[in-house]
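Subject: Handing over a structure

Dear colleague,

I am passing the structure below on to you, and my notes on what was found in it follow directly after it. Please read them alongside the sequence.

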Amino acid sequence: MDRRKFLKLAGVGAGGIMLPVYGVPVSAAQLASNGMDVGQKKVLADVVLNTARKAGASYTDVRIGRYLNQFVMTRETNVENIVNTESFGAGIRVIANGTWGFAATNDLTPDGVARAARQAVAVARANAKYQSEPVQLAPVKGVGEVSWQTPIQKNAIQVPISEKVDYLMEVNNSALNAGASFINSALYLVNEQKYFASSDGSYIDQDVHRLWAPMQVTAVDKKSGVFKTRDGLSTPVGLGYEYLDGREEDKIHGQTTLYKDSYDMVEDAQLAAEQAKAKLSAKSIEPGKYDLVLEPLHLRLTIHESVGHPLELDRVLGYEANYAGTSFATLDKWRSGKFKYGSDKVNFFADRTQPGSLGAVGYDDEGVQAKRWDLVKDGILVNYQATRDQVHMIDQNESHGCSYADSWSSVQFQRMPNVSLAPGKEKYSVKDMIRDVEKGIYILGRGSYSIDQQRYNFQFGGQLFYEIKNGEIVGQVEDVAYQSNTQEFWNSCSAICDESDYRLGGTFFDGKGQPSQVSAVSHGCATSRFDQINVINTKRKIS
Amino acid sequence: MAILSRSEAKRILDKVLKYSKAEAASAQLTGAETGNIRYARNSVSTSGVVNDIELAVEARFGKKSGIATINEFSDASLEKVMRRAEELAKLSPDNPEAMPLLGKQKYMSVDGFAKSTADMTPDQRAKAAADSIIAAKEKKVVAAGYLEDARSFAAVANTNGLFGYHAATSANFTVTMRTENGLGSGWAQSDVSDFAAMDTGSVSGVAIDKAVMSQEARALEPGKYTVILEPSAVSGLVGFMMWNYDARSADEGRSFMSKKGGGNRIGEKMFDKRVHIYSDPADLNVPAMPWAEDDHMALERVDWIKDGVVQNLPRSRYWASQSEEKAIPQGNNLIMVGGDKSTAELIKNTRRGVLVTRTWYIRMVDPQSLLLTGLTRDGTFYIENGKIKYPIKNFRFNESPVIMLNNIEEMGRAERVGMWGYSAMIPALKVRDFTFSSLSDAV
């Protein structure tokens with residue numbers, strides 16, 4: 001009761017997740033209603049900026065945010081839960097005496113926000129006593145009054161609940177008809193209506209939308225006591241309800257059907273049921289060294305953990321030492337200009353402008369315009385992800401636009417932008433790649449994942465595993481996990497498919513900070529090959 | 001305002017329920033004031049206080065239910081929130097698994113409210129951080145830490161006459177100390193109800209010693225080792241197991257607690273005979289709210305595992321109604337009974353082994369066997385002939401807590417740790433044949 005609320009979500013992701021819930025429950029109709037008028041927000045923002053300046057702040061920003069969530073959760077023929085939440089308030093951040101101060105309020109009257117502005121200045125002054133590194137902000141030119149919206153075609157929050165329930169029931173029936181023992185399916189919809197203003201002269205109104213349609217199908221053989229699961233092969237997206245259109249042109253037919261810019265959940269539910277059943281009798285993998293062919297939905301998680309996180313500058317500098325950890329990608333390695341993060345084929349870039357991605361915005365949560373930049377070029381580490389108060393520490397004077405807060409009541413800090421692996425430059429298909437493998441495993445979908453606190457040693461599972469022998473897939477296998485070290489792994493990357501296979505995949509709930517905050521981020525890549533990776537067998541007996 | 005007394009809370013709940021025109025209604029009033037301070041690189045980075053109070057009202061019509069919430073308590077607001085819950089209930093689809101609201105409950109009396117925590121000020125938080133930073137600077141190490149404290153209450157009532165009130169305080173402190181050369185890292189924690197019992201300086205001292213001692217770690221070959229897992233290291237694995245400990249998934253055949261051929265494993269001896277794990281809201285070390293958060297059913301002391309035998313599994317009221325078994329809510333705390341030895345004594349009795357301070361980034365690998373993977377972190381040492389010989393590099397483990405709890409050699413004293421959103425008493429364990437599958441270079 002004194003900690004953040006969580007919905008326990010066993011059964012819709014690998015191993016069950018804790019879903020953080022913000023805001024208060026409201027009706028679906030209230031979610032679809034318009035919030036406060038932008039003119040009123042500007043009046044309140046100006047009250048904050050003026051009050052803080054008079055109280056002694058040398059810099060102020062205010063975020064007036066309305067955060068909407070809708071979760072629809074089902075199992076088999078039942079709706080388990082429908083949750084609609086709304087959270088509305090203002091977060092005020094100031095610099096006074098060279099120190100950050102923050103205060104937040106849900107009292108959105110001129111008096112209420114002015115009081116919070118003065119509180120933020122008072123907090124900054126109090127903290128200045130224990131602060132030995134005065135804040136240095138990279139310059140940002142005010143942009144005046146501007147707005148940005150996620151380019152959606154169909155606002156998912158405005159689609160009637162009954163339509164969503166009917167769709168998930170169709171999905172569940174599809175799995176049950178195909179022989180699934182159980183299915184959990186869900187829709188998570190997020191809309192962040194964020195108004196940002198700063199003493200630099202920016203007034204930025206943004207409307208950000210995200211959607212996720214996860215499911216998990218279980219096949220049980222009661223006689224033998226064996227059960228297997230297969231998660232859906234969708235991805236969270238920065239798109240509207242049109243993502244669920246399942247357009248034929250977005251389907252990639254192969255070992256199973258994979259999806260690009262839209263998803264056919266009903267079809268995938270049927271395939272999931274068939275494949276979960278096939279897992280019950282699949283061969284258990286022989287441990288050893290294999291060449292791995294990693295499908296984008298799978299590889300994006302490896303990128304997230306082994307590239308996205310270690311290149312967060314706050315981790316590198318030690319600000320996350322007590323929680324998420326630090327990083328092996330230290331400043332001396334970057335300064336050398338020679339640190340070989342990966343093979344020559346490996347190019348990573350950060351990009352907050354990619355349409356359909358979870359990290360896409362017009363401006364970040366400190367008013368910096370979204371952009372693209374290189375992190376690893378031809379295998380060499382060239383840059384990090386940073387915010388306005390960090391870039392001076394890497395001898396740069398322009399922020400990368402990586403600031404984000406998960407609520408109006410949370411203080412914004414450095415979060416991961418979309419970090420992607422550039423596709424191969426030469427024409428090369430998944431079929432070509434498999435043909436070139438003598439002894440390998442083709443791994444699809446996101447499974448178990450774990451990495452150390454400096455991002456060296458990792459272990460990943462998956463959803464579907466197919467054994468490759470002499471250029472051909474010979475059958476489904478199970479009990480597969482691979483272990484490697486970040487630098488060795490990316491240096492073993494020997495081939496990347498071309499742009500036609502490139503697609504985005506993301507994660508909805510990336511956790512960091514104390515108190516912990518979540519953020520959503522996407523990673524693009526094409527199917528890639530990694531040579532001679534250590535594969536372990538994960539089967540155990542407990543009785 | 002965030003903390004209401006029993007009578008203030010009851011007055012609001014009684015009033016809002018009087019406005020109900022639904023077949024049945026329930027209401028829950030919760031409030032908390034949470035303070036925090038965070039520091040890194042020997043410098044305070046952020047701190048804040050958040051006040052939050054909320055009334056949630058649920059209206060029922062048959063199998064339909066609607067919930068609405070509000071944070072103001074005038075008569076007009078209370079009537080409005082009830083009307084809104086009723087409207088939402090009428091619009092909602094039937095929930096086939098809905099159970100009728102509970103009648104009067106007898107809640108255990110729990111004392112978990114400490115004045116010293118309730119009265120905490122920003123200056124005390126700043127001093128707690130300063131005590132840690134000063135200790136770090138003296139030993140030339142770099143501190144990163146986080147202190148969070150809360151005073152809170154919850155009150156519940158329904159139209160069947162149910163009423164309960166509970167107030168609590170808590171404070172949790174974690175700190176990581178790293179040597180300036182980046183070669184050593186140590187961690188320690190303190191989880192209390194009463195802030196007077198917390199000394200961030202001495203907790204920091206433990207982390208500093210580990211950081212200094214863990215420099216220049218040697219590499220041991222991965223394999224099966226006898227390990228001494230400190231309480232925080234044990235809690236990572238046991239917490240994961242209890243998170244997946246549930247009657248319904250077991251009965252459905254999709255859990256490590258499922259029985260071959262159908263049913264669950266209640267009554268089976270699955271663990272070492274010394275394993276005794278239970279929940280008890282009135283436990284003096286880890287007092288907890290005496291009702292279940294979802295339906296307000298009264299919690300009792302319940303043994304989950306005793307003498308190594310599975311005694312009970314949490315079972316929702318709906319699932320109990322399907323199987324004519326007793327409904328047992330999940331606990332709000334966890335107590336694993338330990339022995340009477342300190343960690344130092346466990347080390348003394350060990351010929352060869354590995355001491356693990358903490359486990360990290362634990363994820364499910366296979367739900368069938370509850371195989372988990374994760375890493376050691378912030379203080380891993382080699383033990384030989386009863387003494388810590390030298391620091392060693394961190395390991396990745398692939399191990400099932402079910403196997404771990406079968407391989408117990410010795411148990412240490414239980415300590416209070418923060419775990420999975422609640423507090424638990426967990427002992428240090430000496431375990432044989434713990435599976436380390438690869439080395440990590442992380443410090």
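UniProt positions are given here in the numbering used for this structure, with feature names shortened, and such annotations may be inferred rather than shown by experiment. With that in mind, the unreviewed UniProt entry places the feature "domain: Metalloprotease TldD/E C-terminal" at residues 287-535 of chain A.

This is a predicted model, in which local features need pLDDT of at least 70 and side-chain atom pairs count only at pLDDT 80 or more, while totals for chains, interfaces and linings use all residues. Residues are numbered from 1 along each chain as its sequence is written, and chains are lettered from A and ligands numbered from 1 in the order in which they are written.

Over residues 287-535, chain A is 14% helix and 36% strand, with the end C-alpha atoms 5 Å apart; helices (H or I, at least four residues) and strands (E, at least two) are DSSP runs numbered from the N terminus.

Elsewhere in chain A, the axes of helix 4 (residues 161-177) and helix 5 (residues 265-280) come within 7 Å and cross at roughly 25 degrees, where axes are lines fitted to C-alpha atoms, for helices over the stretch in contact, and angles run from 0 to 180 degrees between N-to-C directions. Helix 4 and helix 5 of chain A are therefore roughly parallel to each other (angles under 35 degrees count as roughly parallel, over 145 as roughly antiparallel, 65 to 115 as roughly perpendicular and the rest as oblique). Among the residues that make this contact are A:Glu170 and A:Val171 of helix 4 and A:Met265 and A:Val266 of helix 5, two residues being in contact if their C-beta atoms, placed from the backbone, lie within 7 Å. The residues of this contact divide into seven nonpolar, two polar and one charged (Ala, Val, Leu, Ile, Met, Phe, Trp, Tyr, Cys and Pro count as nonpolar, Asp, Glu, Lys and Arg as charged, and the others, Gly among them, as polar).

Turning to chain B, an automatic or database domain assignment divides the chain into domain 1 (6-211) and domain 2 (217-443), whose C-alpha centres lie 25 Å apart. In chain B, 29 residues of domain 1 are in contact with 25 residues of domain 2, and the side of domain 1 that touches domain 2 has eleven nonpolar, 13 polar and five charged residues.

Finally, the contact between the chains takes 57 residues from chain A and 80 residues from chain B, and the chain A side has 26 nonpolar, 23 polar and eight charged residues.
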